[in-house]
Amino acid sequence: MPKTLKAVKPEKCNGCELCVLESQRQLEKVGLEESLIRVFTGKEAGEEYPVFCIDIDPRINSIGIEKIRDVCPKLVLEIE
Amino acid sequence: MMETKIKKALIIDLASQTSEVKSFSDLNSYVGGIGVGLKLYENYKECDPIVFSVGPLNGFFPFASKTSVIVSDDGVIEDLYVGGNLSLRIKFSGIDAIVLCNKSEENVVIDITNTSVSFKPEDTDFNSLGLPGKRSLIDMSGKEFIVQGYFSTPENFLEKCLLEKKIYGMCITGTENYKPINFSSYEKLYSEILNKKSELRVEAGIYPSCSNCPMGCGKSKVGEIGGNVLIHSLVACHFADKIYSDIGVVFSCLNVLGYDYTHEDLESLPKLIEDTIRRVS
């Protein structure tokens with residue numbers, strides 16, 4: 001089974017989108033369109049802080065997942 | 001293809017519920033952010049505008065994560081800076097600024113996708129707006145200006161002006177991708193700047209972070225007001241001033257993106273801004 005990038009601690013995500021931008025740079029793009037990672041922002045009524053949900057396209061394995069893991073400041077991502 | 005010689009603004013007339021994109025070749029010397037925002041404010045002063053603007057580095061470099069907002073508080077011009085994901089969405093909409101002109105007759109929610117604008121009723125379900133992951137939601141239903149349910153601005157100038165215009169929310173979705181011409185130089189410079197995070201004047205925290213900034217600091221929630229005009233023309237975070245006050249770093253960033261600003265251009269920026277403030281005040 002090939003290793004892949006997973007969001008193992010999504011609750012720690014701070015929404016910085018560095019992973020999104022790193023994955024795009026690896027494809028020589030700056031922007032959000034057709035990104036292999038997306039960060040969705042949600043907010044429950046009455047909660048002070050938003051929560052972030054990370055969606056990773058399985059095709060992420062075609063690019064450098066180590067660099068994407070390493071750019072996350074909150075250690076949300078792991079290669080498993 | 002990146003446009004580096006002109007500034008594009010999305011002009012929204014709330015009274016007629018119409019919009020148009022305008023290109024300004026004479027705004028280049030204003031660089032971006034507060035500079036471009038003030039000049040657009042002057043151009044549309046008769047329409048009592050609110051101007052949201054970004055700078056040349058937003059979306060491209062770390063810590064250039066703020067959006068400039070120019071409003072008039074009973075005739076006094078205020079420059080505010082808001083964090084969150086808004087600046088990247090405006091930049092990736094392919095525009096440098098959004099100018100909100102005049103006043104809506106009814107309470108309205110503005111849904112922007114790139115340069116396409118639709119006007120929705122105030123009871124619109126916010127989750128139905130834009131494209132998740134590529135949008136920035138500004139909810140005014142609680143009478144406060146809140147981006148992503150968290151990031152706000154100092155004082156209450158902006159809320160007051162938006163509510164006077166009967167704006168109850170905004171959604172900005174950006175789907176444009178860019179490719180700097182010399183991509184490998186761009187990537188190298190991006191990494192170098194990201195590695196300068198120890199030079200920020202804030203500590204890393206456990207709070208929501210602005211896009212393209214890893215810090216999650218406790219200062220970003222309330223935004224900024226006033227300050228260094230070069231920083232706020234780029235539009236970088238005030239707490240990254242040590243990085244973006246270094247003119248060598250600024251020129252490296254601008255050059256790798258294809259901008260051909262000179263030292264004289266940047267040296268004349270404070271006076272250009274000062275003169276504009278004097279004219280509009």
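Analyst: Two strands pair if DSSP finds at least two bridges between them. Helices (H or I, at least four residues) and strands (E, at least two) are DSSP runs, numbered from the N terminus. This is a predicted model, in which local features need pLDDT of at least 70 and side-chain atom pairs count only at pLDDT 80 or more, while totals for chains, interfaces and linings use all residues. Residues are numbered from 1 along each chain as its sequence is written, with chains lettered from A and ligands numbered from 1 in the order in which they are written.

User: In what order do the seven strands of the open sheet in chain B stand?

Analyst: Strands of a sheet pair through backbone hydrogen bonds, either parallel or antiparallel. In chain B the order is 2-1-6-3-4-5-12, and the pairing is mixed. Strand 2 (18-24) and strand 12 (224-225) of chain B are the edges, each pairing on one side only.

User: Which residue stands opposite B:L80 in strand 12 of chain B?

Analyst: B:L80 faces B:I225 there. Strand 5 and strand 12 of chain B run antiparallel and are joined by two bridges. On to the next pair: strand 4 (residues 67-73) and strand 5 (residues 76-82) of chain B are antiparallel over seven bridges, with B:I70 opposite B:D79. The hairpin of these two strands has two residues between them, and B:D74 takes a positive phi near 50° in it. Further along the sheet, strand 3 (residues 50-53) and strand 6 (residues 97-101) of chain B pair antiparallel over four bridges; here B:F52 stands opposite B:I98.

User: Is B:E46 buried or exposed?

Analyst: A residue is buried if 20 or more other C-beta atoms, placed from the backbone, lie within 10 Å of its own, exposed if 12 or fewer, and partly exposed in between. B:E46 is exposed because it has 8 other C-beta atoms within 10 Å. Its place is the loop between helix 1 (33-43) and strand 3 of chain B. B:E46 and B:N102 are 56 residues apart in sequence, yet 8.6 Å apart in space, C-alpha to C-alpha.

User: Why does A:N14 count as buried?

Analyst: A:N14 has 26 other C-beta atoms within 10 Å, so it is buried. It lies in the loop between strand 1 (5-7) and helix 1 of chain A. Contact is judged by C-beta atoms within 7 Å, placed from the backbone. Not counting residues up to four places away in sequence, A:N14 touches A:K74, B:Y207, B:P208, B:S209 and B:G216.

User: How many residues of chain A are in contact with chain B?

Analyst: In chain A, 21 residues are in contact with 28 residues of chain B. Helix 1 (18-26) and strand 2 (37-42) of chain A are the elements that give two or more residues to this side of chain A. Strand 2 of chain A gives the most, with four residues.

User: Which residues of helix 7 of chain B are buried?

Analyst: In helix 7 (residues 247-256) of chain B they are B:V250, B:C253, B:L254 and B:V256. Their cover includes helix 4 (183-194) and helix 6 (241-244) of chain B. After helix 7 of chain B comes B:G258, with a positive phi near 100°.

User: Which residues of helix 8 of chain B does helix 1 of chain B meet?

Analyst: In helix 8 (residues 263-280) of chain B, B:L269, B:L272, B:I273, B:T276, B:I277, B:R279 and B:V280 meet B:I34, B:G35, B:L38, B:K39, B:Y41 and B:E42 of helix 1 of chain B.

Note on methods:
Contact = placed C-beta atoms within 7 Å. Axes fitted to C-alpha atoms, helices over the stretch in contact; angles between N-to-C directions.
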